[in-house]
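Open the model in your viewer and keep the selection panel at hand. The stops below each say what to select and what is found there.

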Amino acid sequence: MRLSRYFLPVLKETPAEAQIVSHRYMLRAGMIKQAAAGIYSWLPLGFRVLKNIERIVHEEQMRAGHIPMLMPTLQSADLWRESGRFDAYGPEMLRLKDRHGRDMLYGPTNEELITDIFRAHVNSYKDLPLTLYHIQWKFRDEIRPRFGVMRGREFYMKDGYNFDIDRDAALHAYNRHMVSYLRTYERMGLQAIPMRADSGPIGGDDTHEFLVLADTGESEVFYDSAITDLRFGDRQVNYDDREECAAIVREWTTPYARTDETHDPALFAEIPEARRKRSRAIEVGQIFYFGTKYSDPMGATVTNDKGEQVPVHMGSHGIGVSRLVGAIIEASHDDKGIIWPEGVTPFHVGIVNLRQGDAGCDAACEGLYAALVAAGLDPLYDDREERAGAKFATMDLIGLPWRITVGPRGLKAGVVELTSRRSGESEEMSSEAAVDRLLEVYAAHRPGAAPV
Ligand code: ATP
Ligand code: MG
């Protein structure tokens with residue numbers, strides 16, 4: 001993409017309404033625009049990041065054997081009356097009536113809808129296990145929408161639902177989700193720690209939240225610092241192997257890590273003092289096992305291998321796709337702007353032409369641009385008639401992890417400059433070498449690639 005033809009409405013002033021850094025940078029970098037309280041338009045740069053996060057979520061869900069589909073945002077109240085949640089959910093649910101006076105709602109979550117699909121089509125244990133998921137907009141009429149996309153009213157969420165014959169099979173689905181989530185967040189360059197949590201209005205007995213440590217987080221958490229040393233890395237997991245998944249879950253759930261709702265001071269006190277940590281954190285996902293909570297009242301049963309009708313065991317599993325955009329910025333920025341992890345960056349590399357209009361510089365930039373595109377990379381070429389300082393400031397603000405600077409002096413020596421946004425270090429090399437280096441860097445971040 002050439003910046004002169006793009007839509008990147010960067011703001012010079014710091015918006016007064018934004019209290020936290022991710023919200024400020026998302027507004028300043030022209031990623032979002034508020035449409036109403038807690039409701040945002042995703043401008044092109046923000047949309048790219050949102051889609052990258054969504055893609056990683058899809059890839060990791062499918063890798064775990066979960067099946068994508070799409071359910072609507074608007075739902076009929078009837079199903080929610082069956083489960084008893086139409087009244088129980090409270091004012092966070094946006095309720096509306098259609099022209100015939102029928103009660104409708106904008107889905108805050110989808111347990112009822114998916115259970116209805118299941119009961120209409122699945123009758124036998126032979127069709128299990130089954131995990132269906134979608135990535136769809138949700139609406140929760142939050143009392144205090146704030147912090148931009150972090151606590152919106154309309155937000156984008158991956159929600160998945162597992163259907164299993166019994167508790168053991170459903171607990172395997174729970175473990176499978178935990179493993180796939182660990183891998184998902186790591187691919188986004190995030191450390192999200194699973195912590196024992198409270199189940200809230202979804203209900204159920206077993207639940208973990210995934211939390212990113214950040215001072216601006218709304219959750220209070222207590223953990224053993226040993227857990228922050230764990231890395232998922234490039235493990236090849238057989239998601240059908242119950243013991244393999246359970247072993248990974250044990251690895252991550254053995255060190256103490258809990259939200260304030262489930263915090264146990266006596267257990268916490270047993271951790272050596274130097275490792276006892278208390279922090280703020282951002283919830284970026286949650287997994288639940290809730291057994292037959294929805295299948296019982298809604299009659300979602302299957303025949304088991306003895307021919308008996310039994311209610312199906314379920315769980316639900318969410319990832320806050322739009323919240324993640326903010327959470328990643330909270331975890332990765334400096335005072336000049338965002339620093340995108342390679343896995344989610346909106347463009348792989350920025351090209352800065354130090355002397356736009358100079359025939360040599362323009363030709364070198366065009367050649368580099370074409371070489372990057374031919375290599376399958378996605379560059380953003382700043383081809384505007386702007387001062388070098390302004391170009392650097394824009395690149396730093398929007399946070400592309402790599403920048404190639406092309407100027408007349410370097411060209412004389414046959415080199416361009418490759419700069420890392422994270423370390424600030426620059427290296428001179430030929431254009432070809434810069435393309436090769438970027439191909440190496442991004443090899444692990446291509447669609448479908450294994451995480452680093
Ligand atoms: P919170 O406690 O932050 O209100 P929740 O526990 O009610 O969230 P879940 O039902 O667990 O949310 O939804 C799954 C994920 O969706 C959450 O982990 C979070 O990342 C995201 N999410 C929930 N509410 C919002 C919101 N208002 N804005 C943006 N993302 C949200
Ligand atoms: Mg939650």
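How many aromatic pairs does the structure hold? There are 13 aromatic pairs, where rings of Phe, Tyr and Trp (its six-membered ring) pair if their centres lie within 6.5 Å.

Before selecting anything, note that this is a predicted model, in which local features need pLDDT of at least 70, side-chain atom pairs count only at pLDDT 80 or more, and totals for chains, interfaces and linings use all residues. Residues are numbered from 1 along each chain as its sequence is written, chains are lettered from A and ligands numbered from 1 in the order in which they are written, and side-chain values use heavy atoms, with hydrogens and water left out.

**Aromatic pair and charged ends over rings**

Select Tyr181 and Phe210. Their rings form a tilted pair, 5.4 Å centre to centre with 55 degrees between the planes; planes under 30 degrees apart count as stacked, over 60 as edge-to-face and the rest as tilted. Tyr181 sits in helix H6 (residues 167-187) and Phe210 in strand E10 (residues 206-213), so the pair links parts of the chain 29 residues apart. Helices (H or I, at least four residues) and strands (E, at least two) are DSSP runs, numbered from the N terminus. Both Tyr181 and Phe210 are buried, meaning under 20% relative accessible area, with exposed over 50% and partly exposed in between (1.4 Å probe, protein chains only).

Next, show Arg2 and Tyr369. The charged end of Arg2 sits over the Tyr369 ring, 4.5 Å from its centre. A charge sits over a ring if NZ of Lys or CZ of Arg is within 6 Å of the ring centre and within 35 degrees of the ring normal. Arg95 lies over the face of Phe86, at 4.8 Å from the ring centre.

**The nonpolar cores**

Now select Met31, Ile53, Tyr185, Phe210, Val284, Val325 and Trp340. These have the most contacts inside the largest nonpolar core, which has 77 residues. A nonpolar core is a set of buried Ala, Val, Leu, Ile, Met, Phe, Trp, Tyr and Cys residues joined through side-chain atoms within 4.5 Å. H6 gives the most to this core, with seven residues. The core lies between domain 1 (3-338) and domain 2 (349-443), because both give residues to it. Apart from this core lies another, of 26 residues, including Met71, Ala77, Trp80 and Phe163.

Centre the view on Met31. Leaving out residues up to four places away in sequence, its contacts include Trp42, Leu45, Val325, Ile329 and Trp340; contact means heavy atoms within 4.5 Å.

Among the buried residues of H10 are Arg323 and Glu330.

**The two domains**

Colour the protein chain by its domain assignment, which gives domain 1 (3-338) and domain 2 (349-443). Such bounds come from an automatic or database domain assignment. The C-alpha centres of the two domains lie 37 Å apart. Where they meet, 15 residues of domain 1 are in contact with 13 residues of domain 2.

**The magnesium ion**

Select ligand 2, a magnesium ion. Which residues are its protein donors? They are Glu283 (OE) and Gln286 (OE1), lying 1.9 to 2.1 Å from the ion. Donors are N, O and S atoms within 2.8 Å of the metal (3.2 Å for Na, K and Ca); water is not among the atoms, so the site may look incomplete. Glu283 counts as partly exposed because its relative accessibility is 24%, while Gln286, at 10%, counts as buried.

**Backbone stops in the loops**

Show the backbone at Leu128 and Pro129. A cis peptide bond joins these two residues, with omega about 0 degrees. Pro129 belongs to the loop between helix H5 (111-121) and strand E7 (130-139).

Move on to Phe147, in the loop between E7 and strand E8 (154-164). Phe147 is not a glycine, yet has a positive phi of about 60 degrees. Its relative accessibility is 11%, so Phe147 counts as buried.

Then select Gly233, which is found in the loop between strand E11 (219-224) and helix H7 (242-253). Gly233 counts as buried, at 17% relative accessibility. From Gly233, draw a C-alpha to C-alpha distance to Glu186: the two are 47 residues apart in sequence and 7.8 Å apart in space.

**Last stop: Arg446**

Select Arg446, in the segment after helix H14 (431-442). With 26% relative accessibility, Arg446 counts as partly exposed. Arg446 touches Arg55, Arg187, Ala375, Gly376, Leu377 and Leu439, not counting residues up to four places away in sequence. Arg446 and Thr254 are 192 residues apart in sequence and 33 Å apart in space, C-alpha to C-alpha.
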